[in-house]
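Reader: I would like to learn how to read a protein model, one feature after another. Where do we begin?

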Amino acid sequence: MEESNNSSEKGFLLLGFADEPQLERILFIIILLFYILNILGNTAIILVSCLAPKLHTPMYFFLSNLSCVDIFFTTSVAPQLLVTMNQKEKNMSYGGCVAQLYVAMGLGSSECILLAVMAYDRYAAVYRPLQYTTIMHPQLCASLASVAWLSGLITSLIQCSLTVQLPLCGHRKLDHIFCEVPVLIKLACVDTTFNEVELFVASAIFLIVPVSLILVSYGFITKAVLRIKSAAGRRKAFGTCSSHLIVVIIFYGTIIFMYLQPAKSRSKNQGKFVSLFYTIVTPVLNPIIYTLRNKDVKGAWRTLLMR
């Protein structure tokens, strides 16, 4: 019993890249820079979406929700990771690990659903432009955003609650960059077949189903765009949707690699770099992709600055 409770009493050793000190120092600077850019970029999108009347549309409503998710998602991982990378002993409290587990899982799941909702919004805008305002009315937009947030909360409560009940038998070394469900399952000293199956099913629901819906949506979008006779019109339609598609490919590609690939098939540091990508890098790319390629956002910023 004393050995089983050791992890909850003393916490964990979050190893990260401790075996490569030079790489760790470089990554510390990169993570800190990306975290600052994440906060600034996503906060800017939220502010401009709220303050510019021209951007009071379903697309920017969902984009501001995505920016909120990205800020909280990265904040649940980056500060603790930076603190741990500056420590020699790499200690992380048990309570901090559990809190990080619940928050990161919930927000990551919410982002999966939110990206699918944004694909549906683009489908309605391109495939049914005349009925767009009728289809994407404010009540539906609020309901879809609520579904994304609540679905993340529910799956987090279920998966993380099942994970924290697993006995660890004194195992304290987390060879990862943050507390994540697959990593904690590997530490358990009992049969984890049920947890692994449950995690795979939940991952399929939150990854494969949204990706399938997104691909179907973009199939209809492509069909509609090809019907446009004007070359300029086609470029504008593809430009509107391509930014969302880039985010989808980057985010889902890395997270599917982590959650649907057998852990044994990954090298020691592969999982760490993949997790680093979808928790730190992708949230920074969202504001860059959506603002640098978007004339409406740049125009709204100029108008607000002039005021």
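Author: Buried means under 20% relative accessible area, exposed over 50%, and partly exposed in between (1.4 Å probe, protein chains only). Asn65 sits in helix H3 (residues 58–75). Helices (H or I, at least four residues) and strands (E, at least two) are DSSP runs, numbered from the N terminus.

Reader: What kind of model is this, and how are residues numbered?

Author: This is a predicted model, in which local features need pLDDT of at least 70 and side-chain atom pairs count only at pLDDT 80 or more, while totals for chains, interfaces and linings use all residues. Residues are numbered from 1 along each chain as its sequence is written, and side-chain values use heavy atoms, with hydrogens and water left out.

Reader: Which residues does Asn65 touch?

Author: A contact means heavy atoms within 4.5 Å. Leaving aside residues up to four places away in sequence, Asn65 touches Leu114, Ala145 and Trp149. For the protein chain, take the contacts between residues at least 6 apart in sequence: 79% of them join residues at least 24 apart.

Reader: How many helices and strands does the protein chain have?

Author: The protein chain has 12 helices and three strands. Of its 307 residues, 49% are buried.

Reader: What is the order of the strands in the sheet?

Author: Strands of a sheet pair through backbone hydrogen bonds, either parallel or antiparallel. Two strands count as paired if DSSP finds at least two bridges between them. Here an open sheet of three strands has the order E2-E1-E3, with mixed pairing. Strand E2 (91–92) and E3 are the edge strands, each pairing on one side only. Strand E1 (residues 12–14) and E3 run parallel and are joined by two bridges. Leu13 has Lys173 in E3 as its bridge partner.

Reader: How many disulfides are there?

Author: A disulfide is a covalent bond between the sulfur atoms of two cysteines. The rule used is a pair of cysteine sulfur atoms within 2.5 Å, and by this rule the count is one. The disulfide is formed by Cys97 and Cys179, with sulfur atoms 1.9 Å apart. Its torsion about the S-S bond is about -120 degrees, so the disulfide is left-handed. Cys97 lies in helix H5 (residues 94–127) and Cys179 in the loop between strand E3 (173–174) and helix H8 (181–187), so the pair ties together parts 82 residues apart in sequence. Both Cys97 and Cys179 are buried. Cys68 is in no disulfide, and the nearest cysteine sulfur, that of Cys50, is 8.0 Å away.

Reader: How many salt bridges does the structure hold?

Author: A salt bridge is a side-chain nitrogen of Lys or Arg within 4 Å of a carboxyl oxygen of Asp or Glu. The structure holds three. One of them joins the side chains of Glu24 and Lys90 (2.9 Å, N to O). Glu24 lies in helix H2 (residues 21–51) and Lys90 in the loop between helix H4 (78–85) and E2, so this pair ties together parts 66 residues apart in sequence. Glu24 and Lys90 are both buried. Another salt bridge is formed by Lys272 and Asp175, with the closest N and O atoms 2.7 Å apart.

Reader: Is Asp175 buried or partly exposed?

Author: Asp175 is partly exposed, because its relative accessible area is 33%. Lys272, by contrast, is buried at 1%.
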